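My notes come after the display.

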Amino acid sequence: MTQLRISEAASLLGVSDDTVRRWAEQGRLSLSQDASGRQVVAGAQLASLAQELASRTDALDPAAGHRSARNHFTGLVTKVTSDVVMSQVELQCGPFRVVSLISTEAVRELGLEVGSLATAVVKATNVTVEAFR
């Protein structure tokens, strides 16, 4: 049976080590000790929690359940590089860096700037960016 250290579990879930420990204290996760005496969580239990977290309806993106595209990455805009016609928008979405090329007009209309909250919506080979207002 696969066992993961608290730091590995936290990284996979996109939360802090303290959050994993808190969830264990609350009974949401069960911790055991490996042969070295470190606290670990069973991989199967972590997979189940990851699926539960992914299906939450109280996510940052309130419209996530009302679209045909299922791959949404909500995060912060970390960089916008623009010329007259096109812009490159970089988002940090948990552990994922997402980069999209969109029109400079769209960047202006969405009000995208460093620190903005936005969602990258991935469908096939295209990535669109939606801003929160």
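Predicted model: local features only at pLDDT ≥ 70, side-chain atom pairs only at ≥ 80, totals over all residues.

Entry 1

Entry 2. I looked up helix α1, residues 6-13, and helix α2, residues 17-25. Their axes are 8 Å apart, and the packing angle is about 105°. Angles of 65 to 115 degrees count as roughly perpendicular, and α1 and α2 are therefore roughly perpendicular to each other. I then listed the residues that meet. From α1 I wrote down Ile 6, Ser 7, Ala 9, Ala 10 and Leu 13; from α2, Asp 17, Val 20, Arg 21 and Trp 23. In this contact I have six nonpolar residues, one polar and two charged.

Entry 3. I went on to α1 and helix α3, which spans residues 43-54. Here the axes come within 10 Å and cross at roughly 25°. Because angles under 35 degrees count as roughly parallel, α1 is roughly parallel to α3. I recorded the crossing of α1 and α3 as right-handed. Ala 9, Leu 12 and Leu 13 are the α1 residues I found meeting α3, where the partners are Leu 46, Leu 49, Ala 50 and Leu 53. By class, the contact of α1 with α3 has seven nonpolar residues, no polar and no charged.

Entry 4. I turned to Ser 100, in strand β6, residues 96-103. Is Ser 100 buried or exposed? Its relative accessibility is 3%, so I put Ser 100 down as buried. Leaving out residues up to four places away in sequence, I found Ser 100 touching Ser 87, Gln 88, Val 89, Val 127 and Val 129.

Notes:
Residues numbered from 1 in each chain as written. Heavy atoms only, no water. Axes fitted to C-alpha atoms, helices over the stretch in contact; angles between N-to-C directions. Helix = DSSP H or I, 4+ residues; strand = E, 2+ residues; numbered from the N terminus. Parallel < 35°, antiparallel > 145°, perpendicular 65-115°, else oblique. Contact = heavy atoms within 4.5 Å. Nonpolar A, V, L, I, M, F, W, Y, C, P; charged D, E, K, R; others polar. Buried < 20%, exposed > 50% of the residue type's maximum accessible area, 1.4 Å probe, protein only. Left-handed = near helix turned anticlockwise from the far one by under 90°.
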